[in-house]
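I open the notebook on a structure that is new to me. My plan is to look things up one by one and write down what I find.

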Amino acid sequence: MEPIKKNGLDREVKRHEMNVEKIQPIVNDMIETGFVFGTGELRDLGSSCVTLHDRAIEMAQKDSSRIRISFKRDADYKGTLGRLNETIENNARELKKALLYHTSTPLEIEAFEINGGVVGVSLDWVESKEREYTILPTGEREHAMQLVDNVKKAIDELNSFVAGNDNFGKGISTSQDGRRCLCWLDSDGNFHEDKEAYEFI
């Protein structure tokens, strides 16, 4: 058997690609604020923000260290840290909106990467999705496919057998079909044989 591609991969990739433009302004704001911002930072922003809050402390300390007077240095540190943390929290909220976290079908943060400050869809993520959407051959799957093929051939043969007989709608049908048939499947998939129908063969 050949590998089987499940439906929906193209739609899932496109869904993520369409949201790149919503994430780019968030990344731009973080970079303009002074953060070194790459793929790891984006993922942190989409979850706990622990790394970014630690980075904000380092940035505020470095910025205020140039001030010699301690009370001014402390005030500058607190003010800078407050502004940096506010930027992180605001952008984290915006990112969660862009990732549709408030819906039943959120986007995957792992789908996005940043190269040189530009947001894009990760090729590694696309490859992992391709693997997820591919059913690979196994002995059991090949056996199941052969059994299904046998059933299809038997159905085609039975339907062809009664095709020229005006007394029958089909050789095999379903419980919803009111026409005469030799056998049928009910709504639970159970098989039934109409032995009296052989009179019309």
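I looked up Cys-49 and found it in the loop between helix H3 (39-45) and helix H4 (50-64). I take helices as DSSP runs (H or I) of at least four residues and strands as DSSP runs (E) of at least two, numbered from the N terminus. Cys-49 has a positive phi of about 65°, although it is not a glycine. Most residues other than glycine have a negative phi. Cys-49 counts as buried because its relative accessibility is 3%. My cut-offs are under 20% relative accessible area for buried, over 50% for exposed, and partly exposed in between, with a 1.4 Å probe and protein chains only.

I note the ground rules here: this is a predicted model, where local features need pLDDT of at least 70 and side-chain atom pairs count only at pLDDT 80 or more, while totals for chains, interfaces and linings use all residues. Residues are numbered from 1 along each chain as its sequence is written, and side-chain values use heavy atoms, with hydrogens and water left out.

Next I checked Leu-100. Leu-100 also is not a glycine, and has a positive phi of about 60°. I placed it in the loop between helix H5 (70-98) and strand S2 (112-115).

Then I turned to salt bridges. I count one when a side-chain nitrogen of Lys or Arg is within 4 Å of a carboxyl oxygen of Asp or Glu. That rule gives 9 salt bridges. In one of them, Arg-55 pairs with Glu-41, and the closest N and O atoms are 3.1 Å apart. Arg-55 is in helix H4 and Glu-41 in helix H3, so this pair ties together parts 14 residues apart in sequence. Glu-41 counts as buried, at 15% relative accessibility.

I also looked at Glu-94 and Lys-97, whose closest N and O atoms are 3.2 Å apart in their salt bridge. Both lie in helix H5, 3 residues apart, about one turn of the helix. Glu-94 is partly exposed, with a relative accessible area of 38%.

Another entry is a network of salt bridges that links Glu-108, Lys-129 and Glu-132.

Last, I went around helix H6. Which residues of H6 are buried? I found Trp-125, Val-126 and Lys-129.
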